[in-house]
Amino acid sequence: MRIGIDGLKIPESAKRGPGGTLAHARELGLDGVFFRSVLDLSPTLDAAELRNLRARADDLGLYLETGLGKVNPFAIPEAPELRAIGDGDTLLGFRRMMEAAAAIGCRELWGSTAIVKPQYHGRLAWDRFRTDVTWDEQLTATERFLGRLAPYARDLGVHINLETHEEITSFELVRLAEAVGPDVVGIVYDTANALHRVEHPVWTARRVAPYVRQTHIKDAHLAHGDEGLWYQLRPCGTGVVDFTQVVPILMAANPGLNLTLETYESYEDRPRSPEKWLLEIYDEEFLRAHPDLTTTEFADYLRTVRAYEQRIAAGELPDLETYAAQPFGYTEAVSQIRDSAAHIRAICEENAK
């Protein structure tokens, strides 16, 4: 299994551009780059530009992964480039992106159902809790839209892989894949996002593994604070995700799966403290929005939280505010990538024996 980096989160990605980012990933000892949208490689889908980037990745011995964007019709208007690339026709835009990606051998294509609104507090940051349109209505519209994309995907031999993003549960993703067809819809397993939906990472891995075709590998702090639990991204091996259990599950289901790290950008790329997200797990409305959650998994989830809190109390790991107060420039961002890669690589090597 090869270990790469998310093209949005590797430091200096905007300054270096996609070609420079590929070279940067190789300099950091990584095996590939996952650009979330083919429009990140070429905003106009210029065929020559895309071929050159494919050749650059091949010359460097890197995997190259990419994607499409939001597939929830209620979220698509927040990404007008998806419509613009089709000259105003959203379906044509997706078709063109899929054709461009397939032409350079990228047939595993990322998608997601919404985007976080960091300016809002708690559950209102996630589209799951919108009041103008219910989440069930959004899921129905997403399934219908994916059904319209499915013939394109089958024709081109591509998979549209939906991320275990913060607003959607793994249960819902599996149902979407089965409803549209696993031959065209897969899953991008983000190892820490399901924590937002009160899902245990190992339980989630078991649910989604048969459908996983791309990954976002990351870890997170999760501990009690005012109003509930507080989530904060951490380097792999220093959060609540037990990769010694998660990685073997993924390896068994898909031995050729690429493991793409998703880490914080440096402050120089995005000048604000590491985000902290509130999970209102004791709020009745919050819990009611998770009908698939079982008491057994919830108990295991809280057991994991408690074990992590004990590590913080023992001084083994920094708490939320201490970590947020640390400097985090380019050097620290690179260190986080290298530490995370080393942790995951050691687990892969141990399981390959």
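**View 1. Five aromatic pairs are counted in this predicted model.** Rings of Phe, Tyr and Trp (its six-membered ring) pair if their centres lie within 6.5 Å; planes under 30 degrees apart are stacked, over 60 edge-to-face, and the rest tilted. Tryptophan 126 and tryptophan 277 form a tilted pair, 5.4 Å centre to centre with 50° between the planes. Tryptophan 126 sits in the loop between β4 and α6 (135-156) and tryptophan 277 in strand β11 (residues 277-279), so this pair ties together parts 151 residues apart in sequence. Helices (H or I, at least four residues) and strands (E, at least two) are DSSP runs, numbered from the N terminus. Tryptophan 126 is buried at 4% relative accessibility. Tryptophan 277 is buried too, at 14%. Buried means under 20% relative accessible area, exposed over 50%, and partly exposed in between (1.4 Å probe, protein chains only).

Residues are numbered from 1 along each chain as its sequence is written. Local features need pLDDT of at least 70, side-chain atom pairs count only at pLDDT 80 or more, totals for chains, interfaces and linings use all residues, and side-chain values use heavy atoms, with hydrogens and water left out.

**View 2. Tyr264, Tyr267 and Phe328 form one aromatic cluster.** Tyrosine 264 and phenylalanine 328 pair edge-to-face, 6.3 Å centre to centre with 80° between the planes. Tyrosine 264 lies in the loop between β10 and β11, and phenylalanine 328 in the loop between α12 (320-324) and α13 (330-351), so the pair ties together parts 64 residues apart in sequence. Tyrosine 264 is buried, with a relative accessible area of 7%. Phenylalanine 328 is buried at 9%.

**View 3. Asparagine 193 lies in the loop between β6 (185-190) and α8 (201-208).** Its relative accessibility is 0%, so asparagine 193 counts as buried. A polar contact of 2.8 Å joins its side chain to that of glutamate 163. Such a contact is a pair of N or O atoms within 3.5 Å; within protein, one must be able to donate a hydrogen and the other to accept it, and residues adjacent in sequence count only if both atoms are side-chain atoms.

**View 4. Eight strands form an open sheet with parallel pairing.** The order is β7-β6-β5-β4-β3-β2-β1-β10. The edge strands, β7 (212-216) and β10 (259-261), each pair on one side only. Two strands pair if DSSP finds at least two bridges between them. Four bridges join β4 (residues 108-112) to β5 (residues 159-163). Glutamate 108 stands opposite histidine 159 in β5.
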